[in-house]
Amino acid sequence: MMIPNRKEYLQQQANYGQKIMGVLPALYPKELLWAFDILPAEIWDPPGEILRANAHLQATICPVVKRSLEFILKEPDIINAGYLFPHTCDSLQNLATQVKDLIGIPASVYTFYNPKGTFNKATRQFYLDLITDFKTILEVEHGPLDQKKLATVCELGFQIDSRRLEIQTARLSDQLDLSNVEYFQLLRAGEYLRPEDYLNILDKVMIQDQAVHNQTRRLLLSGILPPHNVILTFLDDLGVTIVAEDLLAGSRRVPITPLDIPEDPFDYLTDRHFLLPPCSTRVSGLEERIHYLQKMIAESQAHGVLFNIVKFCEPELFDHRFLVKNLKQAGNPLLTLETELQPGFSGQDKTRVEAFVEMLTEEVRV
């Protein structure tokens with residue numbers, strides 16, 4: 001499975017003259033950008049030391065925001081079509097204000113306000129109006145929208161979602177011969193690849209006829225991002241397979257059930273948004289989230305749950321206590337890791353993971 005390096009791929013695309021927009025986490029109508037010949041380059045956890053961003057942010061801001069601002073302040077030459085800030089949380093919304101109005105980044109800055117809370121006829125119309133307005137804003141700088149092209153890229157998005165669902169389902173039943181590192185590298189490639197390139201890679205993933213890892217210890221992973229590759233490799237070495245994930249950077253951005261092949265692109269994009277799994281950043285109900293996680297645990301036959309929490313992530317921390325309490329009461333072994341997205345693995349966390357896996361091993365033997 002050959003996945004292009006993110007930095008090299010985007011630099012190559014920029015050299016070709018490709019329009020590239022930096023997109024902050026997490027939910028936005030990606031197909032609209034594709035239709036305007038804009039490649040979204042999602043900014044979640046760019047590597048490197050945080051030097052300049054701290055001068056603009058308080059100490060208790062989550063590292064996703066800090067690292068994103070540091071990346072923006074470096075004025076990367078690959079970002080040539082501006083930045084998009086979806087309203088994922090208050091911190092990211094405030095960052096959009098800083099970048100646009102206070103710091104004075106010369107690039108264009110766009111915002112997108114995802115609806116929160118209960119979904120009904122009114123919120124559906126609200127979302128439809130949002131994407132229509134966003135289309136109009138993009139037309140000011142990038143020319144009229146080609147409706148046929150939008151229909152074509154919606155079809156591509158539909159195929160990517162369908163393939164992602166097949167791969168997620170195969171992971172549940174151990175039919176993917178991919179390590180934890182390889183699996184999450186595959187999922188995250190969709191953050192920067194052109195849709196045709198990403199679909200081509202997804203289509204090459206082999207789904208085995210029979211289970212290939214059914215004797216390993218099995219985990220459900222929940223949080224914003226997967227752990228650093230060092231931790232994923234450590235889990236691989238311990239014989240632990242993450243068989244299911246509830247990540248904002250992962251399955252929370254794929255509809256729960258396949259949609260019909262899109263006819264009207266705007267209706268399709270609206271329907272798609274309301275078929276996404278429950279998520280803390282969309283203020284989904286806690287009971288809905290716990291029911292969803294319990295269902296995922298049952299389907300994946302996970303032996304335990306690993307919460308990978310980004311430090312100071314308010315939406316996720318609001319839900320975390322309730323989820324832990326209810327999953328514990330249901331008898332699920334749990335471990336919570338807190339990260340600042342730094343590379344590496346502290347000795348303390350390594351010991352905690354080893355003890356957790358040993359406990360799972362004892363339970364599997366019983």
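Glu166 is partly exposed, with a relative accessible area of 43% (buried means under 20% relative accessible area, exposed over 50%, and partly exposed in between, using a 1.4 Å probe and protein chains only). This is a predicted model, so local features need pLDDT of at least 70 and side-chain atom pairs count only at pLDDT 80 or more, while totals for chains, interfaces and linings use all residues. Residues are numbered from 1 along each chain as its sequence is written, and side-chain values use heavy atoms, with hydrogens and water left out.

**Salt bridges**

- Side chains of opposite charge can pair when their charged atoms come close.
- A search of the whole structure finds 22 salt bridges (each one a side-chain nitrogen of Lys or Arg within 4 Å of a carboxyl oxygen of Asp or Glu).
- Glu166 pairs with Arg163, their closest N and O atoms being 2.7 Å apart.
- Both residues of this pair, Glu166 and Arg163, sit in helix α6, 3 residues apart, which is about one turn of the helix (helices are DSSP runs of H or I with at least four residues, strands are runs of E with at least two, and both are numbered from the N terminus).
- Arg163 is buried, at 11% relative accessible area.
- Arg163 also forms a salt bridge with Asp203, at 3.9 Å from N to O.
- Asp203 is partly exposed, with a relative accessible area of 48%.
- Another salt bridge joins Asp174 and Arg218, at 2.6 Å from N to O.
- Asp174 lies in the loop between α6 and α7 (180–188) and Arg218 in strand β5 (residues 217–223), so this pair ties together parts that are 44 residues apart in sequence.
- Both ends are buried: Asp174 has a relative accessible area of 8%, and Arg218 has 5%.

**Nonpolar cores**

- The largest nonpolar core has 103 residues, and those with the most contacts inside it are Met21, Leu32, Leu33, Leu84 and Phe85 (a core is a set of buried Ala, Val, Leu, Ile, Met, Phe, Trp, Tyr and Cys residues joined through side-chain atoms within 4.5 Å).
- Helix α6 (residues 147–172) gives the most to this core, with 8 residues.
- Apart from this core lies another, of 17 residues, among them Val243, Tyr292, Leu293 and Ile309.

**Cysteines**

- The count of disulfides is 0 (a disulfide being a pair of cysteine sulfur atoms within 2.5 Å).
- For Cys62, the closest cysteine sulfur is in Cys89, 5.9 Å away and too far for a bond.
- For Cys279, the closest cysteine sulfur is in Cys313, 9.0 Å away, again too far for a bond.
- Cys62 is buried at 9% relative accessible area, and Cys279 is buried at 1%.

**Cavities**

- The structure holds 4 cavities of 30 Å³ or more (on a 1 Å grid over the protein atoms alone, a cavity is a set of points where a 1.4 Å probe fits but cannot get out, and lining residues have an atom within 4 Å of a point).
- About 430 Å³ of space lies in the largest cavity (grid points are joined across faces, edges and corners, and the volume is the space filled by probe spheres set on the points).
- Of the 30 residues lining the largest cavity, the closest to its centre are Lys30, Glu31, Asp161, Arg253 and Arg272.
- Helix α6 supplies the largest share of this lining, 4 residues.

Conventions. On a 1 Å grid over the protein atoms alone, a cavity is a set of points where a 1.4 Å probe fits but cannot get out, and a pocket is an open set with protein on both sides within 12 Å along at least five of seven lines; lining residues have an atom within 4 Å of a point.
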